[in-house]
Amino acid sequence: MRKKIVAANWKMNLTLADGAFLVNEILTAATAVTTLKQVVIATPFVHLTQTAAQLEGFGNIHLGAQNCSSEKSGAYTGEVSAAMLIDAGVQYVIVGHSERRGYFNEDSAMLAKKVNQCLETGLQVIFCCGEPLEIRDAETQNAFVAKQIAEGLFHLTAEQLQNVTIAYEPIWAIGTGRTATTEQAQSIHAYIRNVIAGQYGNDAAANIAILYGGSCNPTNAAELFACPDVDGGLIGGASLKADQFLSIIAAMINS
Ligand code: PEP
């Protein structure tokens, strides 16, 4: 059975004190998570060890990072390696977020290397894909997303793919307050599962979790997570407020 996951992406927000407060609020209320229904909190790098200490003993609430170097170690000023993330207590890494692709020119070749670094080191990958508005308007989003997935993931073995979660995040919905409709989300999630089936077979496709991201909030989460191919969400803005994030977690648990 595939997992359901709600993952918080804090992006470049929160002081250490604010982060500690938020995690504390989440831990006080998030009791119903299980092996198959998990929570990930992806903090900025400097929060990681603090959050790791807070999450100790909460087996199904995992620590995530928002990025990882494509290189193993060495003279790469400003970079953070997969091994350092493991050392800090990280279990999941977001790779290929559209903000990294867009603002930091991370192309498919680099993302494939990042995926490799994570998997070789024992980290789970949340691999992001998703189209800009002009591609959606031209109705070519399926081919666009299939190419991102093929270039970022298809060099992996089926065994390696078991440690990958996909996050479909239409760029036009990220931080905009405009959410994909449930029909749009279900349609492209089912398509992504087919793309995985074509490369890795039906079992791999049935087992991979595909999260939706893009202005997911307490009002739309339940409806989105009720779609048969939507296995939870990657949450930006709404993950910064404990009450909102907890209500999204509850929607995932009840889905
Ligand atoms: C994200 O950045 O991954 C995201 C989904 O952001 P938001 O929820 O704010 O749209």
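**Close-up 1. The buried side of helix 7.** In this predicted model, the residues Q141, V145, A146, Q148, I149, G152 and L153 of helix 7 are buried (under 20% relative accessible area with a 1.4 Å probe and protein chains only, whereas exposed is over 50%). Because they cover an arc of only 160° around the axis, taken from the directions from the helix axis to the C-beta atoms, they lie on the same side of helix 7. The face turned away from that side carries the exposed residues A143 and K147. The elements that cover the buried residues include helix 4 (98-103), helix 5 (108-121), strand 5 (124-129), helix 6 (133-137), strand 6 (164-168) and helix 9; helices (H or I, at least four residues) and strands (E, at least two) are DSSP runs numbered from the N terminus.

**Close-up 2. Helix 9 and the residue after it.** The buried residues of helix 9 are T182, A185, Q186, I188, H189, I192, R193, V195, I196, A197 and Y200. Helix 9 is followed by G201, whose phi is positive, near 95°.

**Close-up 3. The surroundings of R193.** R193 lies in helix 9 (residues 182-200) and, at 9% relative accessibility, counts as buried. A polar atom of its side chain lies 2.9 Å from the backbone oxygen of A205. Apart from neighbours within four places in sequence, R193 is in contact (heavy atoms within 4.5 Å) with R2, A205, A206, I208, I210, D229 and D231.

Residues are numbered from 1 along each chain as its sequence is written, and side-chain values use heavy atoms, with hydrogens and water left out. Local features need pLDDT of at least 70 and side-chain atom pairs count only at pLDDT 80 or more, while totals for chains, interfaces and linings use all residues.

Methods:
A polar contact is a pair of N or O atoms within 3.5 Å; within protein, one must be able to donate a hydrogen and the other to accept it, and residues adjacent in sequence count only if both atoms are side-chain atoms.
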